[in-house]
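Morning, everyone. I'll keep this short. Have a look at the structure on the screen first.

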Amino acid sequence: AGGAGSPPLPPPVGGVAAYRADRPLVTAPAPLPPPAAADADLGPPPVPVPQGDGVFVSTLPSGLRVATRPLPGSACATVGVLLAHGSRDERAGERGAAHLTEAAAFQSAGGRSGAEIAASIERMGGAADCSVGRESAVYFLDVMRSELAGATELLADAVLRPELHEEDVAGGAGRGG
């Protein structure tokens, strides 16, 4: 599904595709199956393992590790994706790709324009950001707790289905570039 020679994408989780840190990021995956078909193969829910400071880590059947930290009584929630890939993973001829990925984050993805993404984030009462370093990249959205499902879908689009347009490259992708 990720193109010739690339590993297949892991199965979707709850209608949102999961990313495995031991596989390269695929920027143009095949369309995801409907959530009902994806949910049928999930099996029993993972068991959260305490990590200290109120953080729990669960490992999904796809290999995706999910860290959670409940904040009872909070009206806000943060959802994020941490990728174990950064600028150190760039090969010759790819130098600067990590910075471009960071600058283009949330600009357009999954068939949504930058304006549509910005309006969705605003409607959720949220804020979005991406940070790429030498060892890793993190995408996250802070939103109202009631908007967590929509934020997770938007985050999946930003990570798995980014759309990079010529004007993004020529103009530095619009975020300080």
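One term before we start: a nonpolar core is a set of buried Ala, Val, Leu, Ile, Met, Phe, Trp, Tyr and Cys residues joined through side-chain atoms within 4.5 Å. Keep in mind that this is a predicted model.

First, the layout. The protein has 5 helices and 8 strands. Along the sequence they run β-β-α-β-β-β-β-α-α-β-β-α-α. There are 177 residues, and 26% of them count as buried. Take the contacts between residues at least 6 apart in sequence: 58% of these join residues at least 24 apart.

Now the core. The largest nonpolar core holds 21 residues. Phe106, Tyr139, Leu141 and Leu155 make the most contacts inside it. At least two core residues come from each of β6 (76-83), α3 (114-123), β7 (127-132), β8 (137-144) and α4 (148-160). Which element gives the largest share? That is α4, with 6 residues.

Let's zoom in on Leu155. Leaving out residues up to four places away in sequence, Leu155 touches Val79, Gly80, Val81, Phe106, Tyr139, Phe140 and Leu141.

Next, α3. Which of its residues are buried? Ile117, Ser120 and Ile121. Viewed down the helix axis, the buried residues of α3 fall within an arc of 95°, so they line one face. What do they pack against? The partners are β7, β8 and α4. Ala115, Glu122 and Arg123 sit on the other side of α3 and are exposed. Just past the helix, Gly125 adopts a positive phi of about 70°.

Note on methods:
Residues are numbered from 1 along each chain as its sequence is written. This is a predicted model: local features need pLDDT of at least 70, side-chain atom pairs count only at pLDDT 80 or more; totals for chains, interfaces and linings use all residues. Side-chain values use heavy atoms; hydrogens and water are left out. Buried means under 20% relative accessible area, exposed over 50%, partly exposed in between (1.4 Å probe, protein chains only). Helices (H or I, at least four residues) and strands (E, at least two) are DSSP runs, numbered from the N terminus. Contact means heavy atoms within 4.5 Å. The arc is that of the directions from the helix axis to the C-beta atoms.
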